[in-house]
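My notes follow, in the order I looked things up.

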Amino acid sequence: MKKTLRFPHPLVLLLGFILLALLLSYLLPAGVFNRLPDPATGRDVVVPGSYHHVPPTPVNPLAAIVDIPKGMADAASVIFFVFLTGGAFTVVDQTGALRHGVDWLLVRLRGREALVIPIVSLLFATMGALENMQEEIIPLVPVLLVLMRRLGYPTITAAAVSLGAAAVGAAFSPLNPFQVGIAQKLAQLPLLSGAGFRLAFLAGALLIWIGGTMRFARRHRQEPVVEVAAEEAALAETSHGRHGLVLALLLVAFGVFTYGVLRLGWEFEQMGALFFGLGVAAGLIGGLGLNGTAEAFIAGFRDLAFSALLIGFARAIFVVLEQGQVVDTIVNSLSAPLAHLPVTLSALGMMGVHTALHLPVPSVSGQAVLTMPILTPLSDLLGLPRQVTVLAYQYGAGLCELITPTNGALMAIVAACGVRFDAWWRFAFPLYLLLLALGAVAVVVGIAVGLG
């Protein structure tokens with residue numbers, strides 16, 4: 001009997017990339033750029049033309065294994081945020097408030113259930129455009145799964161309307177501080193410059209993504225999941241007033257969260273503390289009591305443990321490459337040939353460079369700090385508008401968030417949805433190619449109009 005080739009388990013896939021990073025530390029020459037603090041961004045940025053070889057520091061297998069817990073330590077704030085927030089949403093779910101809220105929504109959208117996908121997608125796309133929302137989505141997956149099951153849509157749709165829409169919003173955003181904001185500062189461009197141009201292509205990108213998601217959801221829709229009678233009876237016993245209070249508390253928490261991130265510069269520690277407080281308050285208001293609230297938190301920790309730890313494994317890939325001092329070698333090797341290309345091909349080549357770099361450098365802000373100081377002077381020499389150089393970075397690096405296995409948040413969300421990564425790829429990759437083509441069109445148009 002012929003065996004079908006199966007895509008590796010997410011953990012196997014990430015361990016394979018860690019092994020590849022280890023091998024690259026032996027195969028590639030070690031080298032670094034000099035770095036200086038940049039007052040505009042508050043980060044250390046590379047000095048163009050300063051790349052030089054250094055003594056090799058190949059990573060031995062034992063050190064690579066040690067780099068796995070080091071990667072988890074580096075990503076500790078994100079991992080614990082996922083645990084705390086996931087526990088909080090499990091508490092909210094066990095009060096029955098989430099399902100009550102979903103039922104309320106579906107009653108008002110009866111006969112227009114298809115509107116759920118564009119509405120939810122636009123909400124997440126907005127958060128992606130505003131603050132590069134990714135890891136923050138992981139604890140929301142159980143809520144989205146309840147919603148999609150009630151509609152009869154496949155579980156992969158929960159990832160599509162959340163992380164997928166947020167990644168598209170972030171990649172085409174005119175104001176995302178972690179992508180276009182940092183890149184424009186490094187390119188010495190005014191913040192929000194070219195915003196109208198970006199908004200036009202953001203609209204086109206969302207049409208592609210949301211349209212593709214709706215088409216997939218319709219084609220694979222099944223009979224909606226009907227809750228068992230015992231569960232419905234248990235939920236019926238819960239006070240509707242308590243449900244309303246818990247949902248109101250949830251909305252307040254999201255309002256505080258948005259204000260804290262956008263105006264107060266909150267990190268994952270503050271966000272995790274907020275949602276932990278939400279979980280405790282929701283459990284008590286929702287009638288779970290102290291013990292019931294604690295047990296719900298533990299259930300949430302258990303359900304999201306694998307998803308949270310995938311983030312640490314993904315981070316370990318970069319730790320190995322950094323320890324082997326080959327990250328800058330990869331950047332230098334990919335960017336050097338661009339100087340010999342015509343202007344338009346060079347700009348499209350920059351998109352390709354950023355796409356390739358996002359595998360070993362999965363942080364979009366880290367990639368901007370690493371590449372923009374090199375590519376900005378190069379674009380000046382070629383006569384390429386700096387704004388187009390930023391566009392090439394946004395579309396090349398940002399869209400990779402949809403498909404790159406080294407994106408810990410993507411791996412975690414797909415795993416939390418119970419979807420194999422190859423199934424996600426089959427859904428997302430055709431849309432990714434369309435979005436990449438749209439980005440290429442934006443780059444070419446930007447050159448033609450002299451976008452500044």
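**Helix packing notes**

I started with helix α15 (residues 343-357) and helix α19 (residues 421-449), which pack at an angle of about 145 degrees with their axes 10 Å apart. This is a predicted model, so I keep that in mind for everything below. I checked the hand next, and α15 and α19 cross in a right-handed way.

Which residues make that contact? From α15 I noted Val-343, Thr-344, Ala-347, Leu-348, Met-351 and Thr-355. On the α19 side I have Tyr-432, Leu-436, Gly-439, Ala-440, Val-443, Val-444 and Ile-447. Sorted by class, the α15 contact with α19 holds 10 nonpolar and 3 polar residues, with no charged ones.

**α1 and α2**

I then moved to helix α1 (residues 10-27) and helix α2 (residues 61-74). Their packing angle is about 135 degrees, and the axes lie 10 Å apart. That angle makes α1 oblique to α2. The hand here is right-handed, with α1 passing α2.

I listed the partners as well: α1 brings Leu-15, Ile-18, Leu-22 and Tyr-26, and these meet Pro-61, Ala-64 and Ile-68 of α2. How do the residues of this contact divide by class? I get 7 nonpolar, no polar and no charged for α1 with α2.

**α5 and α6**

Next up was helix α5 (residues 116-131) against helix α6 (residues 141-151), at about 165 degrees and with axes 12 Å apart. Angles over 145 degrees count as roughly antiparallel, and α5 and α6 are therefore roughly antiparallel to each other. I wrote down a left-handed crossing for α5 and α6.

The α5 residues in the contact are Val-116, Val-120 and Phe-124, while α6 supplies Leu-144, Leu-147, Met-148 and Leu-151.

**Record check**

I looked up the UniProt entry, which is unreviewed, for the feature "transmembrane region". The entry places it at residues 114-130, 151-172, 192-212, 245-266, 272-292, 304-321 and 429-451.

I took two of these stretches back to the model. Over residues 192-212 the chain is 86% helix and 0% strand, and the end C-alpha atoms sit 29 Å apart. Over residues 304-321 I find 100% helix and 0% strand, with the end C-alpha atoms 28 Å apart.

**Whole chain**

Last, I zoomed out. How many helices and strands are in the chain? I count 19 helices and 4 strands. The radius of gyration is 23 Å, close to the 22 Å that the globule rule gives for 452 residues, so the chain is as compact as a globular protein of that length. The C-alpha trace spans about 70 × 60 × 50 Å along its principal axes.

Conventions
Residues are numbered from 1 along each chain as its sequence is written. This is a predicted model: local features need pLDDT of at least 70, side-chain atom pairs count only at pLDDT 80 or more; totals for chains, interfaces and linings use all residues. Side-chain values use heavy atoms; hydrogens and water are left out. Axes are lines fitted to C-alpha atoms, for helices over the stretch in contact, and angles run from 0 to 180 degrees between N-to-C directions. Helices (H or I, at least four residues) and strands (E, at least two) are DSSP runs, numbered from the N terminus. Angles under 35 degrees count as roughly parallel, over 145 as roughly antiparallel, 65 to 115 as roughly perpendicular and the rest as oblique. A crossing is left-handed if the near helix is turned anticlockwise from the far one by less than a right angle, and right-handed if clockwise. Contact means heavy atoms within 4.5 Å. Ala, Val, Leu, Ile, Met, Phe, Trp, Tyr, Cys and Pro count as nonpolar, Asp, Glu, Lys and Arg as charged, and the others, Gly among them, as polar. UniProt positions are given in the numbering used here, feature names are shortened, and annotations may be inferred rather than shown by experiment. The radius of gyration is taken over C-alpha atoms; the globule rule is 2.2 Å times the number of residues to the power 0.38.
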